[in-house]
Amino acid sequence: MVDVTDKAKKYRSVGYYPGCALEGTGNGYDVSTRAIAKKLGLGLRDVSNWNCCGAMEVKNVDPKIQTYLSARVLSQAVNEDRMDVVMAPCNGCYHNLKKAEYDLAHDPKSVEVVDKLSAKAGHKAYKAGEAETIHALDWLKEAIGEDGLRERTNGKLAGLKIANYYGCMYVRPRHIFPEKDKGPGSESTSQPHFMDDLLAAAGAENVSFPLKTACCGGAHTLSDSDTSTKLVLNILQAAEASGAEVIATECPTCHTGLEMHQVRAEKRFGKKTNVKVLYFTQLLGLALGIGPRALGIHTNISDSMDLIIEKRLT
Amino acid sequence: MSGQAAYPAFAGIEDRIDAIAVDGGSEPVRAAAELLAIGEHVLESWVRARGETPTDARKEGFRLLALHRQGARGEPSFNACRETCRELVYHYNLLALEPDHPDTGHRLTLAAMIARHLLLFVGGKLEVAGLGEFCCSSRPLRAVGH
């Protein structure tokens, strides 16, 4: 078992795998992650020449190819960049890298495919256990922690009511996250709380939100937009009914879905909701005194500026 | 949004959930039981669509949780509604055990939203993909003959 202080030290400088979404629709997540790293004095070094993690599309064609694609990212980190920790803020990337790690540790066929494709592509094959994949929530929770945030933010988010929305990929399936559900201090797969903990340390009031790991309908977006819109609308309405002014997100797919379908729900069903949607890194950035523009808040579809000004967060 | 359930067999249930949320406050225990029964009906439909007989077993005292476990067997993406089922049970308990609590109206509102989420999620899966997997923990579509 790694001592907490060892983890704090280990995570102060990590490999950074932004993934495709953070270079596109999730740009605000990328910008705000980098901004708070700088502010907190944490080292982020991009994995060089990274590729797509395989996302969900590749997995539907051939899951072993997805395993290879994620393994190739880890191989770059380990063999080219000499990294031992890879931080992936996107739930999809995080999930896929963790799944590849699990498959390579438990499935000889996956090892065979990854070895074969790595040789064909001309790079060293990644071996299970050579790197540790963590989420942005793990990174901040361990490297800075609640006490560190409390000291640096002086309760700046006080009076802001937040519904923390984790989506379904961060904790599922349980078996690929062996470090979770280990009691106090570890993350829970049934009631995740790391985002709640970090934002509470910055002064926020977390509301009790029953849909924090419910499906956002992301996979339905193109095939059945109305179902996606209804799922999102239900999440937005539940957040409002729970008293939230803001939904904090930690997944670019969920975040974009919430924002897009908030607009669509009004157009398609005449249902308007007013709850704002911000990445948790944007909220922590505001708490740390970083300006909204430097956090990419202007790139969000959800316009939160009125609330940010009202709460004196800028 | 009435009558627009993604899965035709679920048409009308959304309206019923809305009605329970509005009118159920006077009889919260009955309303909670009906929402739980709706959840069971939704999961029964999923299990039947897989060609199985819905279980009558209970898990942690609730058939809903046993049905979820049955429905998720071999279908990893179905676990995306695991906590939704647990939240429905939790809110049922709150309403059934503390019907006179000052937050009962609020709890009923949330319970209805949770039931609606389960309905939309399962309805969407049944309608869009048949029984194929589309989600992030999916199996290859071709493996199930799509």
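A: Arg82(A) is exposed, with a relative accessible area of 64%. In this predicted model, Arg82(A) has a positive phi of about 55°, although it is not a glycine. Its place is the loop between helix 4 and strand 3 (85–88) of chain A. Most residues other than glycine have a negative phi, and most peptide bonds are trans.

Asn154(A) also has a positive phi, near 50°, and is not a glycine. Asn154(A) sits in the loop between helix 8 (145–153) and strand 5 of chain A. Asn154(A) is exposed, at 67% relative accessible area.

Next, the peptide bond. Arg172(A) and Pro173(A) are joined by a cis peptide bond, with omega about -5°. Pro173(A) lies in the loop between strand 5 (161–165) and helix 9 (194–201) of chain A.

The largest nonpolar core has 74 residues. Those with the most contacts inside it are Tyr17(A), Trp139(A), Leu140(A), Leu157(A), Leu199(A), Phe280(A) and Leu283(A). Helix 4 (residues 63–80) of chain A gives this core its largest share, seven residues. Domain 1 (4–135) and domain 2 (154–310) of chain A each supply at least three residues. A second, separate core has 61 residues, including Cys168(A), Leu236(A), Cys251(A) and Ile38(B).

Take Leu140(A) from the largest core. Leaving out residues up to four places away in sequence, Leu140(A) touches Ile36(A), Leu40(A), Leu42(A), Gly145(A), Leu198(A), Phe280(A) and Leu284(A). In soluble globular proteins, nonpolar side chains tend to be buried together.

Terms used: Residues numbered from 1 in each chain as written. Chains lettered and ligands numbered in written order. Predicted model: local features only at pLDDT ≥ 70, side-chain atom pairs only at ≥ 80, totals over all residues. Heavy atoms only, no water. Core = buried A, V, L, I, M, F, W, Y, C linked by side-chain atoms within 4.5 Å. Buried < 20%, exposed > 50% of the residue type's maximum accessible area, 1.4 Å probe, protein only. Helix = DSSP H or I, 4+ residues; strand = E, 2+ residues; numbered from the N terminus. Domains from an automatic or database assignment. Contact = heavy atoms within 4.5 Å.
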